[in-house]
Amino acid sequence: MKRIYLAGPFFDDEQVERIEKLEKILTNNNTVESFFSPRTTNLPGEEPGTPEWANKIYHDDVNEILKADLVLAVIDFTGDNVDSGTAFEIGYAVANHKPVIVFHEKTGIVNLVISESIRSYLTTFEDVKKYDFDKMPVKKYDGPVI
């Protein structure tokens with residue numbers, strides 16, 4: 001069973017709904033021991049937006065990536081750009097030899113650096129529900145890249 005870091009944007013209602021669905025799916029997947037979702041991070045006594053808050057969030061997130069067995073990253077495009085925080089989390093995971101599985105529900109051309117660095121590319125909630133995070137079967141992205 002795997003420990004997963006769930007990366008992805010949660011800045012609007014659609015993104016929050018997508019992350020919440022994935023949190024529920026991971027909770028019910030019998031190959032998942034646990035997962036960390038930055039969306040649920042709560043720092044009592046810290047005022048959001050302050051430099052102290054940002055520093056604690058950053059260190060908490062990178063430490064959770066290091067503790068995880070893999071990263072499940074939601075790539076959700078705004079125009080042609082994936083969320084910069086999620087892109088950082090993918091890069092940090094790869095640099096630390098953590099497998100990355102991408103969930104890409106919406107359409108959009110995937111950056112070649114992301115497409116070449118991932119282990120699996122999933123496009124539906126059903127794909128995630130059925131995914132064996134212990135065996136981590138390879139499913140490469142085969143669409144256009146930029």
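S37 is found in the loop between strand β2 (32-36) and helix α2 (51-67), where helices (H or I, at least four residues) and strands (E, at least two) are DSSP runs numbered from the N terminus. The model is a predicted one, in which local features need pLDDT of at least 70 and side-chain atom pairs count only at pLDDT 80 or more, while totals for chains, interfaces and linings use all residues. Residues are numbered from 1 along each chain as its sequence is written, and side-chain values use heavy atoms, with hydrogens and water left out.

**Surroundings of S37**
- With a relative accessible area of 4%, S37 is buried (buried means under 20% relative accessible area, exposed over 50%, and partly exposed in between, with a 1.4 Å probe and protein chains only).
- The side chain of S37 makes a polar contact of 2.6 Å with the side chain of E23; such a contact is a pair of N or O atoms within 3.5 Å, and within protein one must be able to donate a hydrogen and the other to accept it, residues adjacent in sequence counting only if both atoms are side-chain atoms.
- Neighbours within four places in sequence set aside, S37 is in contact with L6, I19 and E23, contact meaning heavy atoms within 4.5 Å.

**Helix α2**
- Helix α2 has 17 residues and reaches 24 Å from its first C-alpha to its last, close to the 24 Å expected at 1.5 Å a residue, the expected span being 1.5 Å times one less than the number of residues.
- I57, D61, V62, E64 and I65 are buried in α2, and they cover an arc of only 155 degrees around the axis, which puts them on the same side of α2; the arc is that of the directions from the helix axis to the C-beta atoms.
- The buried residues of α2 pack against β1 (2-7), β2, β3 (70-74) and α3.

**Aromatic pairs**
- Rings of Phe, Tyr and Trp (its six-membered ring) pair if their centres lie within 6.5 Å, with planes under 30 degrees apart counted as stacked, over 60 as edge-to-face and the rest as tilted.
- By this rule the count comes to seven aromatic pairs, one of them the stacked pair of F88 and Y92, at 5.7 Å centre to centre and 25 degrees between the planes.
- F88 and Y92 both lie in helix α3 (residues 84-95), four residues apart, or about one turn of the helix.
- F88 counts as partly exposed at 41% relative accessibility, and Y92 counts as partly exposed at 21%.
- The rings of Y121 and Y141 have centres 4.7 Å apart and planes at 65 degrees, so this pair is edge-to-face.
- Both Y121 and Y141 are buried.
- Y58, F88 and Y92 form one aromatic cluster.
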